[in-house]
Every structure is written in structure tokens, then in C-alpha cells.
Amino acid sequence: MGANLSNLESVDRSSKSSPRILTFHSTAKWKAHFDASKETNKLMVIDFTANWCGPCKYMDPIIKEFAAKYTNVEFIKIDVDVLMDVAQAFQVQAMPTFILIKKGKVVEKMVGAKKEELQKLIEKRRN
């Protein structure tokens with residue numbers, strides 16, 4: 001594996017997740033991606049999740065649906081047990097937590113499995 005982080009090809013795009021949903025397993029790769037995102041005006045929706053979390057599993061197909069619908073929005077899944085330091089940096093205390101970011105700044109934060117509320121936040125912030 002090369003040191004070139006610009007293409008981020010080592011980001012997991014497993015067959016279980018949509019190709020429009022990025023999953024990070026390394027803090028360094030997440031940080032490089034996050035830093036690069038500060039240069040764009042694209043809305044980033046981070047889904048802080050855990051394998052053992054029932055409400056997270058409920059939201060999984062909804063996030064896939066949103067990723068297919070809102071192609072101008074970037075969807076990211078972060079497992080809090082894998083990247084604890086990232087979850088702590090965003091002060092995530094319950095799952096699922098959805099954090100919406102634009103130009104590196106948190107613009108919305110929502111805790112819980114609330115499809116309609118999350119959709120409203122995405123609609124409000126995506127342009």
C-alpha cells in the first residue's frame with residue numbers, strides 16, 4: 001500500500017454497503033478525507049454507528065436510500081468501536097448520531113433513528 005492518500009482507494013467499499021457510502025477503518029485516512037472535504041461546499045453526512053446497535057441497523061437501509069437519492073451529498077459511516085477517537089472528537093455519546101458538515105464545520109447534529117428529521121436536515125443543508 002502506497003503512501004499516496006489522494007485517491008483513498010483503501011477506503012472500504014464492501015459489497016454490503018452502497019458505493020456512495022464511505023466507511024473508514026483508519027483515523028489517518030479519515031483525517032485526510034475530512035481535511036480535503038474542507039475545500040468543497042459539498043454536504044457530508046456522517047453516520048456514527050455500531051454493529052451491536054439496533055437503531056443503527058434500522059437506519060442502515062434508510063441511509064442507503066438517502067445516498068441513492070441525494071447524489072450531491074457525501075455519506076460516511078464511522079463505527080464508534082473502530083474509530084473511537086473520531087467519535088470522541090465529535091462528542092458522540094449515543095448511537096446512531098448523525099453529524100452534517102459543510103466546509104469542515106458541523107452545521108447540524110441529530111441523535112436517534114429518526115428518518116424524517118434526518119431527511120429534513122439533509123434537504124435544508126444540501127445546497
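The legends below describe close-up views of a predicted model. Residues are numbered from 1 along each chain as its sequence is written, and side-chain values use heavy atoms, with hydrogens and water left out. Because the model is predicted, local features need pLDDT of at least 70 and side-chain atom pairs count only at pLDDT 80 or more, whereas totals for chains, interfaces and linings use all residues.

View 1. Five strands, in the order 1-3-2-4-5, form an open sheet with mixed pairing; strands (E, at least two residues) and helices (H or I, at least four) are DSSP runs numbered from the N terminus, and two strands pair if DSSP finds at least two bridges between them. Strand 1 (21–23) and strand 5 (105–111) are the edge strands, each pairing on one side only.

**View 2. The pairing of strands 4 and 5.** Strand 4 (residues 97–102) pairs with strand 5 in the antiparallel sense, over 6 bridges. Within strand 5, Val 106 is the bridge partner of Ile 101.

**View 3. The two sides of helix 4.** In helix 4 (residues 115–125), the buried residues (under 20% relative accessible area, with a 1.4 Å probe and protein chains only) are Leu 118, Gln 119, Leu 121 and Ile 122. They lie on the same side of helix 4 because they cover an arc of only 160° around the axis, the arc being that of the directions from the helix axis to the C-beta atoms. The face turned away from this buried side carries Glu 116, Lys 120 and Lys 124, which are exposed, meaning over 50%, with partly exposed in between.
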